[in-house]
Amino acid sequence: MTPNDETVHDEACPLLPHSHAESQISSQAPPTPLPLGQLAALCAVRLVDPIAFTQLFPYVNDFMSDLHLTDDPSRIGFYSGLVESTFAISQLCSIYLWAKLSDKIGRKPVILTGTLGTATTTMAFGLSKSLTGVLFARCLGGLFSGNIAVIHSVVGEITDSTNQARVIPIYALMWQVGSVVGPLIGGTFSHAASKYPDLLGYDIFERYPYFFPCLVSAIIAFVGVLLGFVFLQETLPSKCRRNNEKKCSSTGLSGPSSEVELPILEHKSMSFKEVLAYPAISALVASGFSLSFIATSFDVVFVLFCYSSVQSGGLAFSASKIGWSLAISGGISSVLQMFFMPYLLRTFNCAKMYVFSMGAWPLAYFCLPFLNLIARWGSTEDGELNANAVANLWVGIAVALGLSRIGFLAFSTSMILVKEHSPIPGALSQSNGIVQFAMCFARSFAPFLVSSLFALSIDNNLLGGYLWVIVMMCLSTFISIDCRRILLHSKKTVS
């Protein structure tokens with residue numbers, strides 16, 4: 001049977017596909033009770049990746065300077081970028097391999113091994129005294145953190161269409177939380193011995209001034225490993241079948257709904273090409289790549305835009321004001337994920353929600369030049385903004401960031417769409433692995449491209465310094481239109 005073939009099901013059909021069976025359950029039973037222990041463990045291990053990736057941002061330049069790699073301060077940024085990109089590139093290389101391995105040995109050992117490895121290599125990073133040691137630790141850390149697609153798969157396997165509207169937003173929020181907590185750990189606890197001599201004035205923290213934030217990050221990872229060891233249950237379909245589990249985690253059956261048993265489809269391995277042969281998966285891969293590129297680019301260019309002078313098209317914000325802006329962004333994202341996303345997922349078609357979210361990106365980019373105009377018009381003779389301009393500017397920032405956070409909701413809906421359109425339940429991890437590979441690939445080079453475009457526009461005053469806005473608006477508009485291909489292959493989300 002080809003991927004495009006339509007299968008007709010009736011009461012005589014001996015086996016129901018995963019999505020159809022879930023539809024029957026959701027229509028016959030109340031929402032399946034949430035596996036709170038597993039959800040807590042998954043949220044804990046989900047925090048590890050963004051914390052490990054971002055906790056070094058506040059001090060990485062100082063770290064490179066302390067290694068005495070160059071006498072030219074302008075070259076420090078090169079080495080810092082090298083350290084930061086090493087993690088992302090290594091993660092990119094390992095994502096699909098972890099996904100394939102989880103289909104053979106199970107989800108739980110892959111998740112625990114990857115999280116434990118991330119914790120260990122994070123501590124090794126803090127104890128490094130050479131560039132070689134730093135790069136080696138970050139490279140290994142990226143390889144171990146490539147299990148993110150497997151974690152996504154477990155979330156899909158412990159939920160069904162009756163409770164995913166509550167689980168997915170909570171799980172998706174963990175990236176935002178980790179991205180805030182990581183830099184906070186790094187900025188607060190670097191040079192811990194000198195900052196807190198009474199509490200942390202130990203010799204090891206004096207000799208290794210960047211070890212304590214790494215230790216704190218590793219402790220969080222160890223907690224995730226502990227919770228995973230205690231609460232995580234194996235969800236790989238073939239493992240569930242082998243163990244004759246009557247209430248398999250991959251179906252999320254419990255309570256009254258257990259009266260309707262879902263057949264566990266025979267688990268079989270699928271090649272990379274076989275998974276991509278399904279039109280819905282290939283569309284999600286292409287759209288996921290575009291989403292990750294446009295979202296990463298916005299985050300990077302927004303900070304550059306805030307930092308640049310008003311005359312060059314920015315806002316001339318201080319570091320504290322940029323921090324407040326990012327805090328607003330995190331607050332908006334939390335509100336959307338916790339209070340609006342569950343209702344939206346229960347009410348609207350998931351594929352249409354994805355397309356709607358993608359449509360917010362052109363508007364988010366469109367708002368940015370108007371923020372600069374507000375700053376220009378509201379500037380006084382001494383360069384400060386008047387009260388009305390300040391109020392209007394922060395309202396505008398909230399609007400622009402709010403639109404971008406609506407765009408970020410597409411990441412949550414993408415997880416659900418991958419689950420719904422996985423060729424077979426046993427190929428869910430591979431499907432997630434391919435989509436996550438595409439997203440990580442885009443995230444690995446988007447910062448360089450968009451920052452170069454921003455600098456080119458400002459330095460050469462192209463289109464008044466706003467060439468970057470025009471390019472990103474056109475690109476995001478094209479992406480938001482192209483993602484409508486997903487609607488052609490979408491299965492209707494059951495309310």
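Let me begin with a question: what volume does the second largest cavity have? Before I answer, please keep in mind that what you see here is a predicted model. The answer is that the second largest cavity has a volume of about 50 Å³.

As for what surrounds it, the lining of the second largest cavity is made up of A52, Q55, F87, T121, T122, F125, A137, R138 and G141. If you look for the helices involved, α5 and α6, the latter spanning residues 131-144, each contribute at least two residues to that lining. Sorted by class, the lining of the second largest cavity comprises four nonpolar residues, four polar ones and one that is charged.

Let me turn now to the largest cavity, which holds about 70 Å³ of space. The residues that line the largest cavity are V45, R46, V48, D49, T115, T118, S145, N147, I148 and I151. Three helices, α2 (36-54), α5 (107-126) and α7 (148-158), each supply at least two residues of the lining of the largest cavity, and it is α2 that gives the largest share, with four residues. By class, four of the residues lining the largest cavity are nonpolar, four are polar and two are charged.

With A193, the separation along the sequence is 13 residues, while the C-alpha to C-alpha distance in space is 5.6 Å.

Finally, let me step back to the protein chain as a whole, which has 22 helices and zero strands. The protein chain has 495 residues, and 51% of them count as buried. If we take the contacts in the protein chain between residues at least 6 apart in sequence, 80% of these contacts join residues at least 24 apart. The accessible surface of the protein chain amounts to about 22,000 Å², and carbon and sulfur atoms account for 65% of that surface.

Key
Residues are numbered from 1 along each chain as its sequence is written. This is a predicted model: local features need pLDDT of at least 70, side-chain atom pairs count only at pLDDT 80 or more; totals for chains, interfaces and linings use all residues. Side-chain values use heavy atoms; hydrogens and water are left out. On a 1 Å grid over the protein atoms alone, a cavity is a set of points where a 1.4 Å probe fits but cannot get out, and a pocket is an open set with protein on both sides within 12 Å along at least five of seven lines; lining residues have an atom within 4 Å of a point. Grid points are joined across faces, edges and corners, and a volume is the space filled by probe spheres set on the points. Ala, Val, Leu, Ile, Met, Phe, Trp, Tyr, Cys and Pro count as nonpolar, Asp, Glu, Lys and Arg as charged, and the others, Gly among them, as polar. Buried means under 20% relative accessible area, exposed over 50%, partly exposed in between (1.4 Å probe, protein chains only). Contact means heavy atoms within 4.5 Å. Accessible areas come from the Shrake-Rupley method with a 1.4 Å probe; for residues, only the protein chains shown count as cover.
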